[in-house]
Amino acid sequence: MSLSKSSTGRSQDIQALLMAIYERLYKYFGPSHWWPADTPFEIIVGAILTQNVAWKNVEKAIINLRDAGLLEPEAIYGTSKEELETLIRPAGFYRAKAKKLKAFVEHLRKRYNGSLSAMFSRPLTELRQEMLAIYGIGPETADAILCYAGNYPIMVMDVYTRRVFTRMGFFDDNISYDGMQAFFMDNLPEDQHLYKEYHALIDGLAKHFCRKNRPECQGCPLGDICPRIGVNI
């Protein structure tokens with residue numbers, strides 16, 4: 001199946017190509033076991049802390065929080081902003097991120113008496129809009145929380161998704177977050193496990209091969225079907 005034909009052809013062709021891409025990536029990388037966390041709340045903390053920073057720095061901040069006994073909503077609610085800032089400093093933008101963590105746990109406490117299970121019992125559409133109204137929670141962070149912590153059938157989009165699928169010819173440069181998400185969710189089965197794994201595999205491809213600068217197209221598992229739009233090598 002040619003990329004040019006399937007990206008302009010029938011929707012079933014796009015569906016087949018998206019699944020073929022997924023299968024190639026899964027065969028190459030294997031299961032991602034993403035999101036790495038022990039609890040849903042740890043996933044939420046990681047989703048907030050990983051904004052604009054590499055995951056390795058987030059891990060350092062999470063270890064600090066764990067060692068301080070602060071990987072519980074009520075514990076973060078009860079700690080001072082100054083202490084929280086100190087502990088999450090490795091994740092960068094620590095003042096803003098401390099404010100975001102505080103805003104989330106305050107909302108959880110006020111609306112759900114601190115219960116994540118109560119929050120995650122809400123319908124997806126309603127809860128997503130509610131989360132987007134919390135300070136510091138944008139679409140990517142909200143969807144990461146909903147998908148990985150709440151196990152809702154929603155797929156996370158990010159800069160890696162945009163890069164890979166723009167170079168493959170599916171997206172143009174000005175596609176919106178919602179546009180990217182609709183493309184995947186309209187053309188894939190509604191399956192939360194598929195959405196989780198696909199997002200993680202795309203990120204793995206972008207980090208190992210489809211890098212922003214000097215991409216490694218040789219050896220890429222999608223190399224023979226990618227037109228490499230915008231890539232100068």
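This is a predicted model: local features need pLDDT of at least 70, side-chain atom pairs count only at pLDDT 80 or more; totals for chains, interfaces and linings use all residues.
Colleague: Which residue forms a salt bridge with Glu 85?

Modeller: The general idea is that side chains of opposite charge can pair when their charged atoms come close. Here the partner of Glu 85 is Lys 81, with the closest N and O atoms 2.8 Å apart. Both residues lie in helix α6 (residues 81-87), four residues apart, about one turn of the helix. Lys 81 counts as partly exposed, at 39% relative accessibility.

Colleague: How many salt bridges does the count come to?

Modeller: The count comes to ten. One of them joins the side chains of Glu 42 and Arg 66, at 2.9 Å from N to O. That pair links distant parts of the chain: Glu 42 sits in helix α3 (residues 40-49) and Arg 66 in helix α4 (residues 55-67), 24 residues apart. Glu 42 is buried at 6% relative accessible area, while Arg 66 is partly exposed at 36%.

Colleague: Which residues of the largest nonpolar core touch the most other members?

Modeller: That core has 79 residues, and the ones with the most contacts to other members are Ile 21, Leu 49, Phe 104, Phe 165, Phe 184 and Tyr 198. Take Leu 49 as a case to follow on the structure: leaving aside residues up to four places away in sequence, its contacts include Val 58, Ile 62, Ile 88 and Leu 101.

Colleague: Now for the open spaces. Which residues lie nearest the centre of the largest pocket?

Modeller: Look for Thr 50, Val 53, Glu 140, Asp 158 and Tyr 160, which belong to a lining of 19 residues. The pocket has a volume of about 500 Å³. Helices α10 (139-149), α11 (159-167) and α13 (192-208) each supply at least two residues of its lining. By class, that lining has ten nonpolar, five polar and four charged residues.

Colleague: Where does the largest share of the lining of the second largest pocket come from?

Modeller: From α13, with seven residues. This pocket holds about 220 Å³ of space, and its lining includes Phe 29, Trp 34, His 199 and Lys 207.

Colleague: And what is the volume of the largest cavity?

Modeller: About 130 Å³. Cys 210, Cys 217, Cys 220, Cys 226 and Arg 228 lie nearest its centre, out of 15 lining residues. The lining of this cavity has eleven nonpolar, one polar and three charged residues.

How values were computed. Residues are numbered from 1 along each chain as its sequence is written. Side-chain values use heavy atoms; hydrogens and water are left out. A nonpolar core is a set of buried Ala, Val, Leu, Ile, Met, Phe, Trp, Tyr and Cys residues joined through side-chain atoms within 4.5 Å. Buried means under 20% relative accessible area, exposed over 50%, partly exposed in between (1.4 Å probe, protein chains only). Contact means heavy atoms within 4.5 Å. On a 1 Å grid over the protein atoms alone, a cavity is a set of points where a 1.4 Å probe fits but cannot get out, and a pocket is an open set with protein on both sides within 12 Å along at least five of seven lines; lining residues have an atom within 4 Å of a point. Grid points are joined across faces, edges and corners, and a volume is the space filled by probe spheres set on the points. Ala, Val, Leu, Ile, Met, Phe, Trp, Tyr, Cys and Pro count as nonpolar, Asp, Glu, Lys and Arg as charged, and the others, Gly among them, as polar. A salt bridge is a side-chain nitrogen of Lys or Arg within 4 Å of a carboxyl oxygen of Asp or Glu.
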